[in-house]
Amino acid sequence: MKHQDMRRRIAHAAARMLAEDGSLDYGSAKRKAARQLGAPDSNNLPDNQQIEEALRSYQALYQADETRAQLTLLRQVAIEYMEQLAAFDPHLTGPVLNGTAGRYTDINLQLFTDDQKDVEFLLMRQAAPYQAGEQRAPDAAGRAYPRFIIDDPRAPVDIVVYPAAELRNMKRLQADGSPRRLRLPQVRGLI
């Protein structure tokens, strides 16, 4: 019982940090919250789903209007980029999809194409500046995928490009049964 209470307290403290600061990811926020609450051992750390639930609660209580407006804006921006990148099978993922996006949230897009170089050629023709890099897969193989971060003044757009066949191998649903990613027609339905 004591451990469950501490997990709940850590989740809510981490959610507050994520909502107010935005510079942390879930893992960093929960570790920082645990240190602040005097529970640095990993036995008390909540999972990401618990933090997401606490973040939703925090936003509903303290940032409802702001969160709703920001989420609508970010989804509209995501749709614009998904339309521009339509040839590369774009999918929206992350906080803009799941509804926990706040004032510091990036738009996360996944592209699935075998023409990965064409993505960068298209980005070079766009007006917005971008940075190119790579994203390492969290699995043991440690594969690297092209990653582009577009510096849009409304919100950064973080794009990771996967081979088309990778889509079949990725999980479709989150632990709570919600989708991990959506295609353009489904994202339009969120607005």
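Axes here are lines fitted to C-alpha atoms, for helices over the stretch in contact, with angles running from 0 to 180 degrees between N-to-C directions. Keep that in mind for the first two views of this predicted model.

**View 1. Helix α1 crossing helix α2.** The axes of α1 and α2 (residues 26-36) come within 8 Å and cross at roughly 120°. The two helices are therefore oblique to each other, and their crossing is right-handed. On the α1 side, look for Ile-10, Ala-13, Ala-14, Arg-16, Met-17 and Leu-18. Their partners on α2 are Tyr-26, Ala-29, Lys-30, Lys-32, Ala-33, Ala-34 and Gln-36. Sorted by class, this contact of α1 with α2 has nine nonpolar, one polar and three charged residues.

**View 2. Helix α1 crossing helix α3.** Here α1 (residues 2-20) meets α3 (residues 48-62), with axes that come within 8 Å and cross at roughly 60°. That angle makes α1 oblique to α3, and α1 passes α3 in a right-handed crossing. From α1, the contact takes in Arg-7, Ala-11, His-12, Ala-14, Ala-15, Arg-16, Leu-18, Ala-19 and Glu-20. From α3 come Gln-50, Ile-51, Ala-54, Leu-55 and Tyr-58. The residues of this contact of α1 with α3 divide into nine nonpolar, two polar and three charged.

**View 3. Gln-63 in the loop between α3 and α4.** Gln-63 sits in the loop that links these two helices. Is Gln-63 buried or exposed? With a relative accessibility of 7%, Gln-63 counts as buried, because the cut-off for buried is under 20% relative accessible area. Leaving aside residues up to four places away in sequence, Gln-63 touches Ala-19, Tyr-58 and Arg-103.

**View 4. Helix α4 and its buried residues.** Helix α4 covers residues 64-84, 21 residues in total. At 1.5 Å a residue, α4 should span 30 Å, and its end C-alpha atoms are 30 Å apart, so the two values agree. Buried residues of α4 include Thr-67, Gln-70, Leu-71, Leu-74 and Arg-75. Further along α4, Val-77, Ala-78, Ile-79, Tyr-81 and Met-82 are buried too.

**View 5. Asp-89 and its positive phi.** Asp-89 is placed in the loop between α4 and β1 (91-93). Check the backbone here: phi of Asp-89 is near 50°, a positive value in a residue other than glycine. The relative accessible area of Asp-89 is 22%, so Asp-89 is partly exposed.

Note on methods. Residues are numbered from 1 along each chain as its sequence is written. This is a predicted model: local features need pLDDT of at least 70, side-chain atom pairs count only at pLDDT 80 or more; totals for chains, interfaces and linings use all residues. Side-chain values use heavy atoms; hydrogens and water are left out. Helices (H or I, at least four residues) and strands (E, at least two) are DSSP runs, numbered from the N terminus. Angles under 35 degrees count as roughly parallel, over 145 as roughly antiparallel, 65 to 115 as roughly perpendicular and the rest as oblique. A crossing is left-handed if the near helix is turned anticlockwise from the far one by less than a right angle, and right-handed if clockwise. Contact means heavy atoms within 4.5 Å. Ala, Val, Leu, Ile, Met, Phe, Trp, Tyr, Cys and Pro count as nonpolar, Asp, Glu, Lys and Arg as charged, and the others, Gly among them, as polar. The expected span of a helix is 1.5 Å times one less than its number of residues. Buried means under 20% relative accessible area, exposed over 50%, partly exposed in between (1.4 Å probe, protein chains only).
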